[in-house]
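Subject: Structure handover and findings

Hello,

Here is the structure we talked about. Please load it before reading on; my notes follow below.

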Amino acid sequence: MPMFDYVCRRCEHQFELLMRSHDVAQCVACGSANVEKRFSVPALKTSSTRGLAMHAAKRRDKVQATDMAVEQRKYEESHDD
Ligand SMILES: [Zn+2]
């Protein structure tokens with residue numbers, strides 16, 4: 001069964017529904033059938049989440065590289081013989 005994101009036009013509640021072909025979507029909060037199917041949201045959510053994760057991973061790599069450089073210098077300083 002496909003799952004869809006909806007937003008209620010009456011109370012602006014956002015929710016997900018499993019829809020069979022002849023079901024009528026209704027707001028889970030207020031029961032209104034005046035709801036809008038949102039196709040673009042899951043795709044947008046996925047790509048922006050992935051972008052943020054990539055950004056965080058890159059930043060983490062940079063921090064680790066800096067830490068390693070500091071550790072290396074400490075090692076060299078303490079083993080100066
Ligand atoms: Zn509603």
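Is C27 buried or exposed? C27 counts as buried, at 4% relative accessibility. The cut-offs are these: buried is under 20% relative accessible area, exposed is over 50%, and partly exposed is in between, with a 1.4 Å probe and protein chains only.

Two notes on the basis. This is a predicted model, where local features need pLDDT of at least 70 and side-chain atom pairs count only at pLDDT 80 or more, while totals for chains, interfaces and linings use all residues. Residues are numbered from 1 along each chain as its sequence is written, and side-chain values use heavy atoms, with hydrogens and water left out.

Zinc site

C27 is one of the donor residues of the zinc ion. The ion is coordinated by the SG atoms of C8, C11, C27 and C30, at 2.2 to 2.4 Å. Donors here are N, O and S atoms within 2.8 Å of the metal (3.2 Å for Na, K and Ca); water is not among the atoms, so sites may look incomplete. The angles among the four donor atoms run from 106 to 117°, and the site is tetrahedral. That label requires four donors with all angles between 85 and 135 degrees. For reference, the ideal angle for four tetrahedral donors is 109.5 degrees. The spacing of the donor residues in sequence is C-x2-C-x15-C-x2-C. C8 sits in strand β1 (residues 3–8) and C27 in the loop between β2 (14–18) and β3 (35–38), so this pair ties together parts 19 residues apart in sequence. Helices (H or I, at least four residues) and strands (E, at least two) are DSSP runs, numbered from the N terminus. C8 is buried too, with a relative accessible area of 2%.

S32 lies in the loop between β2 and β3. S32 is buried at 8%. Leaving out residues up to four places away in sequence, S32 touches C8, R10, A25, Q26 and C27. Contact means heavy atoms within 4.5 Å.

Sheet

Three strands form an open sheet in the order β2-β1-β3, with antiparallel pairing. Two strands pair if DSSP finds at least two bridges between them. β2 and β3 stand at the edges with a single partner strand each, so one side of each has no neighbour in the sheet. The twist averages 40° from one strand to the next. Axes are lines fitted to C-alpha atoms (for helices over the stretch in contact), and angles run from 0 to 180 degrees between N-to-C directions.

β1 and β2 share five bridges. D5 stands opposite E16, and F4 has L17 as its bridge partner.

Salt bridges

How many salt bridges are there? The count is two, taking a side-chain nitrogen of Lys or Arg within 4 Å of a carboxyl oxygen of Asp or Glu.

- E36 and R9 meet at 3.3 Å, N to O. The pair links E36 in strand β3 with R9 in the loop between β1 and β2, 27 residues apart. E36 is partly exposed at 36%, as is R9 at 49%.
- K74 pairs with E71, with the closest N and O atoms 3.5 Å apart. K74 and E71 are three residues apart in helix α1 (residues 40–78), about one helical turn. K74 is partly exposed at 47%, and E71 is partly exposed at 47%.

Best regards

Notes. Four donors count as tetrahedral if all angles lie between 85 and 135 degrees; four count as square planar and six as octahedral if opposite donors are over 155 degrees apart and all others between 65 and 115; anything else is irregular.
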